[in-house]
Amino acid sequence: MMMDQSGFDLGLFVGDLAFVEDSSRDDVSLEGLQQELEECINDDVVANILSKGTKLREYAKGVENDVRQVELNSIQEYIKESDNLVSLHDQIRDCDSILSQMETLLSGFQGEIGSISSEIKSLQEKSMDMGLKLKNRKGAEVKLAKFVEDIIVPPRMVDIIVDSEVNDEYMRTLEILSKKLKFVEVDTMVQSSKALKDVQPELEKLRQKAISKVSEFIVQKLHALRKPKTNIQILQQSVLLKYKYVIVFLKEHGKEVYTEVRGAYVDTMNKVLSAHFRSYIQAVEKLQLDIATPSDLIGVETRAASLFSLGREPLKNRSAVFALGERINILKEIEQPALIPHIAEASSLKYPYEVLFRSLHKLLMDTATSEYLFCDDFFGEESIFYEIFAGPFAVIDEHFNLILPNCFDAIGLMLMIRIIHQHQLIMSRRRLPCLDSYLDKINISLWPRFKMVFDMHLNSLRTANVKTLWEDDVHPHYVMRRYAEFSASLVHLNVEYGDGQLELNLERLRMAVDDLINKLAKAFTKPKLQTVFLINNYDMTMAVLKEAGPEGGKTQMHFEELLKSNTNIFVEEILLEHFSDLIKFVKTRASEDPSASSEKPISVSDVEPLVKDFGSRWKAAIELMHKDVITSFSNFLCGMEILRAALTQLLLYYTRLSDSIKRIPGGSTLNKDLVSISVIMYEIRKYSRTF
């Protein structure tokens with residue numbers, strides 16, 4: 001049991017210790033002794049000794065005795081185990097001997113393994129060297145095999161090139177020959193090889209033989225194109241395209257011969273197509289129906305025009321010179337097949353020139369499309385097309401240059417301009433540029449001619465002789481009808497195009513016809529007849545413009561205004577003719593106030609004659625007006641509109657008169673003579689029902 005630290009007196013024990021001075025040392029250091037003693041306070045052994053009060057010297061002697069006893073015990077145990085130790089020693093020695101032998105054996109193995117590793121490394125290096133050589137030899141073998149294959153001339157190939165006919169097998173052999181020729185021409189290493197010296201003469205002979213044979217073959221096929229009634233397109237597609245590699249071969253290995261073959265094809269097709277178009281033009285010229293002569297102008301007198309028309313094929317409708325009519329259908333049939341001349345001739349049919357023009361250019365488009373695509377596929381050149389079609393273009397130009405100066409049909413010329421535009425769209429949809437320049441040229445030549453013929457019509461109106469044109473007839477004049485039909489036709493043909501220049505020319509034409517029709521109107525002695533004449537002409541013009549379509553535009557609006565203004569003039573004139581006193585009074589005095597101071601106020605005596613006169617004859621006057629309108633206006637509906645406008649205006653005048661009478665002192669005495677407004681309206685409705 002440990003003692004309480006508070007009751008422990010270290011000095012008590014320390015004081016009993018005797019220190020023997022060490023003679024070997026001059027001095028003894030007690031530094032740190034206090035610290036060590038304090039640390040021993042917590043040691044269990046020290047605490048136990050101190051607690052029992054054992055003397056340190058005695059304790060030390062006890063420990064020494066214990067150690068000696070342990071030593072004696074250990075010696076006894078060692079003696080007892082001495083035999084085992086000897087045996088263990090012998091075993092260790094034997095093991096050491098065995099391990100020594102194993103060490104010697106393993107050292108030998110290690111030496112042998114090192115030798116084997118060196119041999120394996122040597123073999124590996126040899127294997128890699130042999131693999132590289134094998135790879136190089138294989139690569140060389142492949143290249144050599146390809147070289148031999150590319151440069152060698154098999155007997156079978158020679159037999160086919162020299163002796164066989166030109167067929168599919170010949171084409172395949174020709175491709176092989178082409179590859180061999182390219183091989184020896186392109187590769188510089190091949191050119192320096194000794195093998196080439198043996199093969200090159202043979203290859204050259206084969207090249208020359210192949211060129212000679214295929215060129216002769218293709219020329220024979222080209223000659224077949226010249227045979228009459230040959231379907232060129234079928235021959236091109238089914239025969240020539242089958243052998244198009246011939247052209248490729250000649251291009252690459254026989255340029256001079258290719259140039260000859262190309263020239264032969266160009267010459268052949270140029271002549272064949274030129275002949276075809278020439279014969280077609282000659283055939284369709286017989287189908288042409290003449291429409292207009294130089295005298296068929298808007299402002300030319302009918303009698304004068306008929307003198308120039310002698311000998312011409314008559315038209316069912318002479319207005320076809322100026323009216324579009326069914327001729328517009330040609331634009332709806334733009335993609336119809338070309339005319340077959342002998343069928344049309346057998347049917348005794350005749351056509352305006354624009355029909356023949358469309359047919360000729362439809363044939364040109366289809367032929368050019370087929371030829372352009374063939375040339376691009378067969379020859380791989382676009383330029384060859386233009387060389388071929390130089391002839392057909394010249395034939396068509398020659399024909400057109402004869403026709404155009406003698407064409408005085410402005411409607412036909414405008415139709416041809418629109419046809420060319422549609423054909424340009426068709427070629428654009430086909431994505432073929434081959435006719436662009438040609439169609440542009442035709443279009444450029446048509447416009448000046450149209451402008452010239454149009455100006456002839458314009459000048460015919462400006463220089464027209466009013467005396468020879470004037471007829472004592474208020475119905476629409478034939479010059480105005482010509483203008484209306486001509487103008488409506490051109491307006492209709494301009495709807496989808498919006499050509500500003502054409503609109504400007506139509507405006508000039510309208511101004512000229514306005515001037516002429518007014519001059520013709522002034523030839524009538526009576527103003528009323530002048531107005532009736534103008535109304536009839538304007539109404540007819542409006543009807544023709546509306547019939548052509550709702551797109552009359554400025555021209556239609558202009559004539560609407562003229563018709564309206566002249567209708568108002570006529571209404572006033574016809575009312576003045578029957579009710580002049582009433583109208584004069586209403587316009588001058590009806591607005592006066594009788595109660596106002598004036599020198600002469602309106603009295604019953606001023607209006608009584610007017611009232612009685614109107615009441616006695618208003619129905620008869622209306623009937624006369626009705627008969628006058630019926631006989632004066634060629635358009636019944638227009639006449640009835642004018643009559644209704646006149647009666648409505650009359651009702652307004654009479655209403656103002658009645659209102660004025662109501663303001664006059666004593667005016668009620670005239671009520672018995674006044675006609676009821678409802679009676680007048682009933683009578684007006686009677687005439688309205690005749691519409």
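Predicted model: local features only at pLDDT ≥ 70, side-chain atom pairs only at ≥ 80, totals over all residues.
Student: What makes up the chain, helices or strands?
Tutor: There are 28 helices and zero strands. Of the 691 residues, 40% count as buried.

Student: Why is Gln422 called buried?
Tutor: Its relative accessible area is 19%. Buried means under 20%. Gln422 is therefore buried.

Student: Where does Gln422 lie, and what does Gln422 touch?
Tutor: Gln422 lies in helix H19, residues 410-429. Leaving out residues up to four places away in sequence, Gln422 touches Ile334 and Tyr497.

Student: What makes the link between the side chains of Gln422 and Tyr497 a polar contact?
Tutor: The side chains are joined at 3.1 Å. A polar contact needs N or O atoms within 3.5 Å, with one able to donate a hydrogen and the other to accept it. The pair is listed as such a contact.

Student: How are two packed helices described?
Tutor: By the angle between their axes and the distance between the axes.

Student: Why are H16 and H18 called roughly antiparallel?
Tutor: The axes of H16 (residues 353-378) and H18 (residues 390-403) cross at roughly 170°. Angles over 145 degrees count as roughly antiparallel. H16 and H18 are therefore roughly antiparallel to each other. Their axes come within 12 Å.

Student: Which residues make that contact between H16 and H18?
Tutor: H16 gives Tyr353, Phe357, Leu360 and Leu364. H18 gives Phe393, Ile396, His399, Phe400 and Ile403. By class, eight are nonpolar, one is polar and none is charged.

Student: How do you know whether H18 and H20 are roughly parallel or antiparallel?
Tutor: H18 and H20 (residues 436-462) pack at about 10°, with axes 12 Å apart. Angles under 35 degrees count as roughly parallel. H18 and H20 are therefore roughly parallel.

Student: Which residues of H18 and H20 meet?
Tutor: Phe393, Ile396, Asp397 and Phe400 in H18 meet Tyr438, Lys441, Ile442, Ser445 and Leu446 in H20. By class, this contact has six nonpolar, one polar and two charged residues.

Student: What makes Leu446 stand out in the largest nonpolar core?
Tutor: That core has 180 residues. Leu446, Tyr265 and Phe579 touch the most other members. Beyond four places in sequence, Leu446 touches Phe357, Phe400, Leu404, Leu413, Met416, Ile417 and Ile420.

Student: What share of the chain's contacts with a separation of 6 or more comes from residues 24 or more positions apart?
Tutor: Such residues account for 79% of those contacts.

Note on methods
Residues numbered from 1 in each chain as written. Heavy atoms only, no water. Helix = DSSP H or I, 4+ residues; strand = E, 2+ residues; numbered from the N terminus. Buried < 20%, exposed > 50% of the residue type's maximum accessible area, 1.4 Å probe, protein only. Contact = heavy atoms within 4.5 Å. Axes fitted to C-alpha atoms, helices over the stretch in contact; angles between N-to-C directions. Parallel < 35°, antiparallel > 145°, perpendicular 65-115°, else oblique. Nonpolar A, V, L, I, M, F, W, Y, C, P; charged D, E, K, R; others polar. Core = buried A, V, L, I, M, F, W, Y, C linked by side-chain atoms within 4.5 Å.
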